[in-house]
Amino acid sequence: LCQGAGGLETLLKSAPALLKSAPPPLIAPTNCSSAHSSHKKENALTRDLGTYWLSSYGNVKNEWMIWDFKKPCFISQIFVGDSKHDCSLKNFALHVETKDGNFRKVKTFTKQRTNSIESFSGFLHYTQKVKLVFQDNHGTSSGQHILVAHVSFG
């Protein structure tokens with residue numbers, strides 16, 4: 001039925017390799033919308049909830065970070081951590097890179113607890129770049145930043 005170059009047979013032969021294509025366990029973000037001078041984007045790489053990225057003062061809506069995995073891979077899970085602060089992340093959206101280099105929103109999530117790392121799943125995408133858009137924080141008027149202490153992918 002599907003013989004020769006391409007086709008179903010070729011796809012089935014390459015499926016095991018594709019399924020093993022997972023993102024690196026910990027990778028620093030390559031870009032972000034803003035950052036507090038002493039809380040840089042690289043701080044979101046650690047599992048230490050006391051070390052974190054902060055958006056610039058007053059930036060509490062739709063801040064973002066981008067991760068480049070250096071090659072396309074499957075992602076099906078996001079781990080997000082924060083500290084116990086009013087400015088800890090609450091709602092965020094997953095965007096994946098499209099063929100034209102733009103980003104498309106595919107799913108939104110709500111972080112239920114502060115001072116914890118939570119797992120988010122229910123999706124499967126094959127992409128090289130991911131953008132998380134941090135829509136707001138848990139805080140009151142005193143939470144004048146968005147805080148993210150850890151992000152990793154699975």
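Trainee: Which residue is the bridge partner of V96 in β8?

Mentor: The bridge partner of V96 in β8 is V130. Strands here are DSSP runs of E with at least two residues, numbered from the N terminus, and two strands count as paired if DSSP finds at least two bridges between them. Residues are numbered from 1 along each chain as its sequence is written, and side-chain values use heavy atoms, with hydrogens and water left out. The model is predicted, and local features need pLDDT of at least 70 while side-chain atom pairs count only at pLDDT 80 or more, although totals for chains, interfaces and linings use all residues.

Trainee: How many bridges pair β5 with β8, and in which sense?

Mentor: Strand β5, residues 91-97, meets strand β8, residues 125-134, over five bridges in the antiparallel sense. Both strands belong to an open sheet of five strands, paired antiparallel in the order β1-β3-β8-β5-β6. The edges are β1 (31-32) and β6 (103-110), and because each has a single partner strand, one side of each is left without a neighbour in the sheet.

Trainee: What is K131 in contact with, beyond its neighbours within four places in sequence?

Mentor: Contact means heavy atoms within 4.5 Å, and for K131, which sits in strand β8, the list beyond those neighbours is W64, M65, I66, A93, L94, H95 and F103.

Trainee: Is D68 buried or exposed, and which side chain of opposite charge is nearest?

Mentor: D68, in strand β3 (residues 63-75), is buried, that is, under 20% relative accessible area with a 1.4 Å probe and protein chains only. D68 has no salt bridge, and the nearest side chain of opposite charge, that of K70, is 4.2 Å away; a salt bridge requires a side-chain nitrogen of Lys or Arg within 4 Å of a carboxyl oxygen of Asp or Glu. Leaving out neighbours within four places in sequence, D68 is in contact with I27, T30, Q128 and K129.

Trainee: What is the strand order of the open sheet of three strands?

Mentor: The order is β7-β4-β10, with antiparallel pairing, and the edge strands β7 (117-120) and β10 (150-153) each pair on one side only. Strand β4, residues 78-81, is joined to β10 by four bridges, and V80 has V151 as its bridge partner in β10.

Key. Buried means under 20% relative accessible area, exposed over 50%, partly exposed in between (1.4 Å probe, protein chains only). Lys and Arg count as positive and Asp and Glu as negative; His and the chain ends are not counted.
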